[in-house]
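Please read the following note on charged side chains alongside the sequence and the model. The points are numbered for reference.

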There are 2 protein chains.
Amino acid sequence: MTYKRIHNFNAGPAALPIEVLEEIKTDLIDYKGNGLSVLEMSHRSKAYDEIIKNAEKDMRELLGIPDNYTVMFLQGGATLQFAMVPLNLLPDNKPADYINTGTWSTKAIEEAQKLGKTPRVIASSEDKEFTYIPKNFTINKDSAYLHITSNNTIRGTEWQSFPETNGIDLVCDMSSDFCSRPVDVKKFALIYAGAQKNVGPAGATVVIIRNDLLERSPKNIPTMCNYKIMAKEPSLYNTPPAFTIYVIGLVMKYLKKIGGLEKMYEMNKAKAKILYDRLDKNDFYRGTVEKDSRSLMNIPFRLKNEQLEEKFLKEAKAAGMEGLKGHRSVGGVRASLYNAVPKESVQALVNFMDEFEKKNS
Amino acid sequence: MTYKRIHNFNAGPAALPIEVLEEIKTDLIDYKGNGLSVLEMSHRSKAYDEIIKNAEKDMRELLGIPDNYTVMFLQGGATLQFAMVPLNLLPDNKPADYINTGTWSTKAIEEAQKLGKTPRVIASSEDKEFTYIPKNFTINKDSAYLHITSNNTIRGTEWQSFPETNGIDLVCDMSSDFCSRPVDVKKFALIYAGAQKNVGPAGATVVIIRNDLLERSPKNIPTMCNYKIMAKEPSLYNTPPAFTIYVIGLVMKYLKKIGGLEKMYEMNKAKAKILYDRLDKNDFYRGTVEKDSRSLMNIPFRLKNEQLEEKFLKEAKAAGMEGLKGHRSVGGVRASLYNAVPKESVQALVNFMDEFEKKNS
């Protein structure tokens, strides 16, 4: 069966692979002969146990997560992690280093401050409107951890390689490029990621934590904010967001099928290149990010004649391209090319851009 | 099309109406001609805005929620509410009254204690293994609020009418009977409920709060735990559990279609009566709860000969009845008869019970 499908350039929640959607649809009312929907299943049932265990197993395999790390599917998005990280890992008498690369980093810093903690900004790209990833910074030896944001959805920057921390625990908000490329998990103490960009629908946050960190959780914080309690029976302290985890599992299976994260990375590089090449062709369109900090996931750009942007967005939408409006805090245009956005969509966008240029030059 | 459907007596996540599942399936890949799935939709899009606004509107209509209450779809389940209620509403120098009717009430009390607050247990049914709802208690005049649990999934008790509080704010964990009967919302200061029993899949918590309470939220608590921040743009401070909210909206529409909560209540009473009548017929089976505290949602019972219970459960499962095992903390049998469990399932259970009695007397 074929379906009407728009070109989905949403910044998140975002596109899912059509194969995954088709499998969900097939199994929706009677999950593999169990006589009920995953939406109705007890999280303690045998059928669901298999679903959640396989989701974790496949994620471990794809990312090469070492055995001394716990994988959890929590709730509350990255915003709750902004609080959980300092609540669990930052004692009141100790500072932690943060690098500020935009709105979401800023929020993480503000949340730690609000909770009476001492986040210390050791580098920031605010001087150039967050259009680059800082390169020169010194991590303090007394820091409880270094917090970074691997990809910045609003500004379109991405850490292309991760910093050496000389033994300081690296904590990374990977919400918007998680599973878009291979990462060396053992370089990180903690990785967290909202599911709704590359690995599933909204409603679950993946947390990958090195087990020794669990011992730092104090007792007097909310149970649902306590990594140690959440890790005891991972994802199952209380009723988890069961359906979202099921979809994440299907996405993991899909990623394995296409050849893993190396292959996904190649595909993402190829997709982004199509659009970046178009931006670099002449000055009708202009990428807003320094070249060595460009994101493969979110590509913001402006038209030379900014007066034309509204027209551009309106005509793009009419041509079946959804979600291209830049974030309200920066304006312009932004195309999000997450894992499940097909190359054909990027090609369609570039064709549209070429045509729009012709008509409006 | 017909599907294999078991009799779903799970304590939660639980059965959904087949009409709702069918609508989800129909719209799964291309939501009403929008060219994408609700699973892929931006929570800021026009299509999603309509979904979430209608879910709220229909819930307001069904429950008659007054205008001075905010309705929110949050994350973290009742367990996060156990913390949010005292964090937001209970200043450090003030006590709050709690009534202990079982495991979930106990957890709410322990969570408040853990956060350094002063919950005060003014009544408890622990003396008789939580098999009744306390009737004689005095609410303290200096209490910040009174916290109760309207229905106790594990023990099978339910408040059949709510206490008069003489001006003390009533906070109610309604997780397991929310929308199973009409309630007079204005009697409550705050109602919270995990969705996964009567109104949707796991992953969202409904919070209905009287607006003046929002002014009590202190600034130095995690953003995701702050009612005031969450209420500013209800459910949309960050990415909400969008698909779960969509399903809740469909369930609300379904409840309106069948005639609202009065009608649902009649249906639930009729269903529970079938099973309670069977339990009261002779002493082969025995309800474990005092009659005036019996729940319409969760009906625990024992066999006179407890040795037969394992056999009973095994044969029931083989006969297509899922989720009948009593909670591991109490044993025995428990049938959960939430809104979406059809009368036919209850009748099938009672028929099975009759036959089992015949064979094993």
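1. A salt bridge is a side-chain nitrogen of Lys or Arg within 4 Å of a carboxyl oxygen of Asp or Glu. Side chains of opposite charge can pair when their charged atoms come close. The structure, which is a predicted model, holds 72 salt bridges over all chains.

2. In chain A, Glu111(A) and Lys114(A) form a salt bridge through their side chains, at 3.9 Å from N to O. Both residues belong to helix H4 (residues 103-114) of chain A, where they are three residues apart, about one turn of the helix. Helices (H or I, at least four residues) are DSSP runs, numbered from the N terminus.

3. In chain B, the side chains of Lys57(B) and Asp58(B) are joined by a salt bridge of 3.7 Å, N to O. Lys57(B) is partly exposed at 46% relative accessibility, while Asp58(B) is buried at 7%.

4. Salt bridges with shared partners link Glu23(A), Asp27(A), Lys32(A) and Lys253(A) into one network. Within it, Lys32(A) and Asp27(A) meet at 2.9 Å, N to O. Asp27(A) counts as buried, with 10% relative accessibility.

5. Residues are numbered from 1 along each chain as its sequence is written, and chains are lettered from A and ligands numbered from 1 in the order in which they are written. Local features need pLDDT of at least 70, side-chain atom pairs count only at pLDDT 80 or more, and totals for chains, interfaces and linings use all residues, while side-chain values use heavy atoms, leaving out hydrogens and water.

Definitions and conventions:
Buried means under 20% relative accessible area, exposed over 50%, partly exposed in between (1.4 Å probe, protein chains only). Helices (H or I, at least four residues) and strands (E, at least two) are DSSP runs, numbered from the N terminus.
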